[in-house]
Amino acid sequence: MISLTINGTRHELDVEGEMPLLWVLRDELGLTGTKYSCGIGRCGACTVLVDGEAKRACTIVLEDVADSEVTTIEGLAPAGTWTAVQEAWIAEQVPQCGYCQPGLIVAATRLLAANPRPSDAEIDAAIDNICRCGTYDRVRRAIHRAAEMQAASAPPAVPAPAAPASEGAPQ
Amino acid sequence: MTKRSLTRRVFLIGSAAIGGTAVAGLGIGVGYLAMVDVDGHGARVLGDGSVDLTAWINISPDNTITIYVPFLEMGQGTHTGLAQLVGEELGLDINADNIRVVHPSEDLAAFANWTMILDERPERLSGPLQWLGKRVVGALGVVATGGSTAMVASFTAMREAGAIAREMLTEAAAAELGVHRDRLMLGYAGFGTADGKEVKFGEIAARAAKLAPPATVTLKDPAKWELIGKPVPRVDVPAKVAGTAVFGTDVRPEGLLFAALRRAPQFGAKVASLSEGDVRKRRGIVEIVRMDDAVAVVADNSWRAREAVDALEITWGAPAVLSDSAALVADLKARLKAKAFTREEKEGDFDRALGGSMQMINEVYETPFLAHAAMEPMNATVLWRADDTVEVRVPTQSSMLTRSAVEGVGPAKRVDVHVTLAGGGFGRRAETDFVSYAARVALAVKGRPVQTLWSREEDTRGGAYRPASVAMMTAALDGRGQLEGLSAIIAAPSLSSSFMARNVGLSSDPASDRVTLEGIVGFPYLAKARRIAAVDTESPAPIGYWRSVGHSHNGFYMEAFIDECAAAAGIDPAEFRRMHLAEGSRHARVLEKLVAASGWSGRGGNGRGRGLALHESFRSVVGAVVDVSVSGTTVKLEKVTIAADCGRIINPQLVEAQMQGGFVFGLTAAIYGKIDIVAGAAQQGNFDSYRMLRLAEAPPIEVHLLDSEDLPGGVGEPGTPVAAPALVAAIFSATGERLRKLPIAEAGYTIG
């Protein structure tokens, strides 16, 4: 038995340790939001978070993520709610066919966690998922929008004028 | 006459003429055809208590309203755009929770895409021959998505459906509330009166279904439209963002099994021997299925199936014909040189125009085979029951061809087809190979649903490619840079005959394939003499419909060449086109919009370049300007500006997305796309060898849509053809180098 936590739920799995995480998610657990497209880690359609890091679920095997916390597209926000990234994705109407979008949304979520206000160049460097429908322009816009939304809802990064400069609010 | 043989006949005439359909129609019998319900205006109460008011609209007692869109949603936004038509007339908020937009599971005559088959707008399908053609296509239930026709086919029909339902519901509401219909106010999915009475559609739908549908309806005045022409949000976006959208690979019926496929590595090869070893003993393996040209393993998990199929020892027989892309291109060039035209059309005396001209330009262009590379690999989920009824869940561009493919596999008594969302299609899902394999696998494990999913490599090597082709372009210019003569000769294997032989079991004459010359026939540039010709050949490899089809290469040939002509004449490319376009034409208007929107100002230089292209396809005219900077052989795509006349715009944000996406699709092909076929085998496999443009390489793309009150044109494909010619023109403008062979990566260019 191999144990791991997926979207906050602990699973004990009687599955081969060398099975890629992607197929554990899709065929063993029925979490079909994470997609198969290339199987060699090149396209990003299967991107998930493993202990907060973006990983390609087709190229990591189950035993490598034992005891880890995995978050898939289904686990980003409680049912019926959206994260800022998802909200921005809807506002910018990013998806066309939509097949690669869960991977893109997870990748963007990780990018913004590490870098709350990425530049275009930083987005280019961080997001190498393939979208065959060519939604790239809107992906960029949605990431910027999500960054703005997160900044607007976060505590102010700049201290109030009266406060000493060294005591800025936590970001 | 069986349905299958009828299918063949309709496809035979499909690419020919309406007259041919009429002949087929007379064979079936006019009396029978008169009963075919091509309008779909009737009402019926279903077993679950819900009510169909017309073929397109279903209303449940709980006020859930289902809009049936008989076109595959593969990203182009057709579920949203077409739901807007019904929603407009019926007063719906199509983004509300009680609205469902789905592909129908019945191939009703009213859903048949005669626009695609007969190549004519429904609004212009009148007269006895058209009457017959429409009923033949309808009788067969030719539900099909392709040719950017969904909106063209549905613009009137689905508004009428909404209006008919509104009329019937209005009458029913008036009776229900005991008020005159003039006192009713239409709200979202219900009616109200000034004194506070209310009734929902769901409460009166059964009553409405008893009324006769009105023979004529008045459609809403465009001035009062609330949905049409507005950037209505896509109905499929929330599920796609939540990860809950169900694509073909996501269906999970009870007891589902998974199959992995190994197809012959060479086109046309067959299985010679199969050694199973101890594969059957592996965990989760249910069955090993040997087919004539493939082997599949069925398991309880896709990975176990894939590992098992990889462990089988399979030997393959040699195919009868070894297709080879380099040999094909050499053959096409030789036939071009020998002027072995299979078709030729001339206006004026082209040879004389050449003889008398100041300047002659003659160049040969070349484009390769291309795979579709939809993100969701080909797949189908099939349950073949013991009683030979079959249930198919599949992202397909034709439920009718899906049904016929299953019937070709075994003695199916009834085939139910449920069309899922598709992770891209681009023409590949018009094929039936993924259905046939899945049906053959399911037949071997009767009684259990099985999902047969291709690997990325199987998908890339699976054929149905955009054909390779070669063009010889010739122009004669007078001393003022005016075109005396313009000639385009296209040499290509025939796509239509390859598609039909493979999917419909028909042979057809390659030399009557309109695809070879589409986008060349009727080119817009004025010249005293014009010649177009084709060198049609049989295809050595399976070729098929690929986003924008013949336009994908012919747009490149014509527009890249026009840029060469402009340079030879020493005239600005926009001005050169202006000189040769009929004043006030759609092309001329799009060009002016493009020039203004892009701030066009002549040529580049010093490493900066701009290229322009203009092309009509699928009833829309699209122009694009590409801005690049080039350093050595590194090209940076700085910006793209698009101007488009797509007729009336139903949803500007969807059209913008299709223009952007279509253009990126064309850029990817122009820069990286190439399938090499060597000794019968496609050489590229995964995204490491068949590259896709990525976000870091993709330019911002600004889209300007012309206002128009004309009937809508297509939008899914017309953005693609202009990408390659605008790109090579931009590189020429920056570097002086002419690129006449795609992809440009083969000439050493990289994207920075």
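Me: Two residues are in contact if their C-beta atoms, placed from the backbone, lie within 7 Å. How many residues does the contact take from chain A and from chain B?

Reply: This is a predicted model: local features need pLDDT of at least 70, side-chain atom pairs count only at pLDDT 80 or more, and totals for chains, interfaces and linings use all residues. Residues are numbered from 1 along each chain as its sequence is written, while chains are lettered from A and ligands numbered from 1 in the order in which they are written. The contact takes 42 residues from chain A, and from chain B 46 residues.

Me: How many residues of the side of chain A that touches chain B are nonpolar?

Reply: Helices H1 (21-28), H2 (84-91), H3 (101-114) and H5 (136-153) of chain A each supply at least two residues of this side; helices (H or I, at least four residues) and strands (E, at least two) are DSSP runs, numbered from the N terminus. Nonpolar means Ala, Val, Leu, Ile, Met, Phe, Trp, Tyr, Cys or Pro; Asp, Glu, Lys and Arg are charged and the others, Gly among them, polar. The side of chain A has 12 polar residues, 8 charged ones and, as nonpolar, 22.

Me: Which helix gives the largest share of the side of domain 1 of chain B that touches domain 3 of chain B?

Reply: An automatic or database assignment sets the domain bounds, with domain 1 at 3-238 and domain 3 at 325-370 + 465-751 in chain B. In their contact, 23 residues of domain 1 meet 26 residues of domain 3. Helices H1 (3-14), H4 (78-90) and H7 (150-154) of chain B each supply at least two residues of the domain 1 side. The largest share, 4 residues, comes from H1(B).

Me: At what angle do H19(B) and H20(B) pack?

Reply: Ile562(B), Asp563(B), Cys565(B), Ala566(B) and Ala569(B) in H19(B) meet Pro573(B), Phe576(B) and Arg577(B) in H20(B). These residues divide into 6 nonpolar, no polar and 2 charged. Axes are lines fitted to C-alpha atoms over the stretch in contact, and angles run from 0 to 180 degrees between N-to-C directions. The two axes are 9 Å apart, at an angle of about 100 degrees.

Me: How far apart are the end C-alpha atoms of H21(B)?

Reply: H21(B) covers residues 586-598, and Gly599(B), with a positive phi near 60 degrees, follows. The expected span is 1.5 Å times one less than the number of residues, so the 13 residues should span 18 Å. This agrees with the distance between the end C-alpha atoms, 18 Å.
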